[in-house]
Amino acid sequence: MGNYHRDEVYLENQELFKNIFKATLKKVLNYKKKGKVLEVGSSTGLLLSLFQEKGWEVQGVEPSEKSSTHAIKIGIPTIRTTFEKAKITGKFDVVVLNHVLEHMKNPEPVLRKVNQLLNDKGIVVVNIPNAGSLSAKIYREKWKYRLPEEHLWQFTPNSLKTLLEKTGFSILSWKAKSGIWEFDNPILELWQSLVGFKKRFFYNILTAIPTWFISQFKMGTGLSVIVKKS
């Protein structure tokens with residue numbers, strides 16, 4: 001509860017995150033064109049605003065005071081508390097957990113609650129850092145996404161699959177991408193990082209080809225899984 005130390009980062013980099021979040025939106029649209037979507041850890045409401053523009057009914061849950069206030073201000077219904085404590089009514093066609101599961105003290109009851117809130121033909125999108133990625137294997141304890149103060153859990157594709165199946169889900173698809181290939185529009189990311197004089201532009205250029213191969217072999221740092229009820 002309170003404010004999250006990355007609130008300002010999200011608010012100051014809306015275009016960057018919009019390019020990332022559009023990739024999640026498109027994954028959902030491959031399965032569902034419209035309906036009700038719930039985002040667990042909805043931050044500033046940016047992802048839900050993209051759904052809202054497509055005609056979806058949206059609901060967010062976000063404990064950060066600053067982020068949830070911003071979300072409500074831009075018209076995103078947001079419950080300001082943790083998901084575990086949130087009183088949510090109704091069923092949803094889609095539930096999104098975008099880089100939140102690794103922060104949860106106990107992911108299993110969280111996923112069971114998600115299962116209860118999901119329609120029988122609904123889907124869940126889980127995005128997390130991939131502890132089974134090539135970079136995680138190379139850097140081990142120095143891996144930049146380890147973040148032990150924030151990430152209470154680390155998941156590989158296999159361990160996440162085990163947890164999801166245990167909580168009543170089955171895998172529809174999964175990918176593990178890195179670098180600019182995690183963006184909806186990689187070329188736009190290159191352009192925005194160039195005109196914005198961002199240091200990441202040079203990193204993006206240097207790593208574009210190797211991260212493409214890594215992404216093709218599902219060894220990237222960003223693990224994205226789509227599941228349905230078993």
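This is a predicted model: local features need pLDDT of at least 70, side-chain atom pairs count only at pLDDT 80 or more; totals for chains, interfaces and linings use all residues.

Reader: Understood, so let me begin with helices: at what angle do the axes of H8 and H9 cross?

Author: The axes of H8 and H9, the latter covering residues 200–216, cross at roughly 145° and come within 8 Å of each other. The crossing of H8 past H9 is left-handed. On the H8 side the contact is made by Glu189, Leu190, Ser193 and Leu194, and on the H9 side by Arg200, Phe201, Asn204 and Ile205.

Reader: Let me pick one from each side, then. Is Asn204 buried or exposed?

Author: Asn204, which belongs to helix H9, counts as buried because its relative accessibility is 5%, and the cut-off for buried is under 20%. Setting aside residues up to four places away in sequence, Asn204 touches Ile180, Glu189, Leu190 and Ser193.

Reader: And which class does Leu194 fall into?

Author: Leu194 sits in helix H8, residues 186–195, and it counts as partly exposed because its relative accessibility is 38%. Leu194 also takes part in a nonpolar surface patch with Leu188, Trp191 and Val195, and together these four have about 360 Å² of accessible area.

Reader: Changing topic to H5, which of its residues are buried?

Author: In helix H5, which runs over residues 107–117, the buried residues are Pro107, Val110, Leu111, Lys113, Val114, Asn115 and Leu117.

Reader: What covers the buried residues of H5?

Author: The cover includes strands S1 (36–40), S4 (92–98), S5 (118–129), S6 (169–177) and S7 (222–229), and helix H7 (157–166) is also among the elements that cover them.

Reader: I was also looking at Val58; where is it, and what is it in contact with?

Author: Val58 is placed in strand S2, residues 57–61, and it is buried, with a relative accessible area of 7%. Apart from its neighbours within four places in sequence, Val58 is in contact with Val37, Leu48, Phe51, Gln52, Ile76 and Pro77.

Reader: How far apart are Val58 and Phe92 in space?

Author: Their C-alpha atoms are 9.3 Å apart, while in sequence Val58 and Phe92 are separated by 34 residues.

Reader: What about Thr81, is that buried or exposed?

Author: Thr81 lies in the loop between strand S3 (78–79) and S4, and with a relative accessibility of 14% it counts as buried. From Thr81 to Gly222, which is 141 residues away along the chain, the C-alpha separation is 26 Å.

Reader: Now the charged pairs: how many salt bridges are there?

Author: The count comes to eight salt bridges, taking a side-chain nitrogen of Lys or Arg within 4 Å of a carboxyl oxygen of Asp or Glu as the rule. One of them joins the side chains of Glu8 and Lys66, with an N to O distance of 1.9 Å. Because Glu8 is in helix H1 (residues 7–12) and Lys66 is in helix H4 (residues 65–73), this pair ties together parts that are 58 residues apart in sequence.

Reader: How accessible are those two?

Author: Glu8 is partly exposed, with a relative accessible area of 34%, and Lys66 is likewise partly exposed, with a value of 35%.

Reader: Which residue forms a salt bridge with Asp184?

Author: The partner of Asp184 is Lys26, and the closest N and O atoms of the pair are 3.0 Å apart. Asp184 counts as partly exposed at 24% relative accessibility, and Lys26 is partly exposed with a relative accessible area of 47%.

Reader: Lastly, where do Glu165 and Lys161 lie?

Author: Both lie in helix H7, four residues apart, about one turn of the helix. Glu165 and Lys161 form a salt bridge in which the closest N and O atoms are 2.7 Å apart. An α-helix has 3.6 residues a turn, so residues three or four places apart point the same way. Glu165 counts as partly exposed at 41% relative accessibility, and Lys161 counts as partly exposed at 36%. Elsewhere, salt bridges that share partners join Glu108, Arg112 and Lys166 into one network.

How values were computed: Residues are numbered from 1 along each chain as its sequence is written. Side-chain values use heavy atoms; hydrogens and water are left out. Patches are made of residues with over 30% relative accessible area and no salt bridge: like charges are joined within 9 Å, nonpolar side chains (Val, Leu, Ile, Met, Phe, Trp, Tyr) within 5 Å. Accessible areas come from the Shrake-Rupley method with a 1.4 Å probe; for residues, only the protein chains shown count as cover. Helices (H or I, at least four residues) and strands (E, at least two) are DSSP runs, numbered from the N terminus. Buried means under 20% relative accessible area, exposed over 50%, partly exposed in between (1.4 Å probe, protein chains only). Axes are lines fitted to C-alpha atoms, for helices over the stretch in contact, and angles run from 0 to 180 degrees between N-to-C directions. A crossing is left-handed if the near helix is turned anticlockwise from the far one by less than a right angle, and right-handed if clockwise. Contact means heavy atoms within 4.5 Å.
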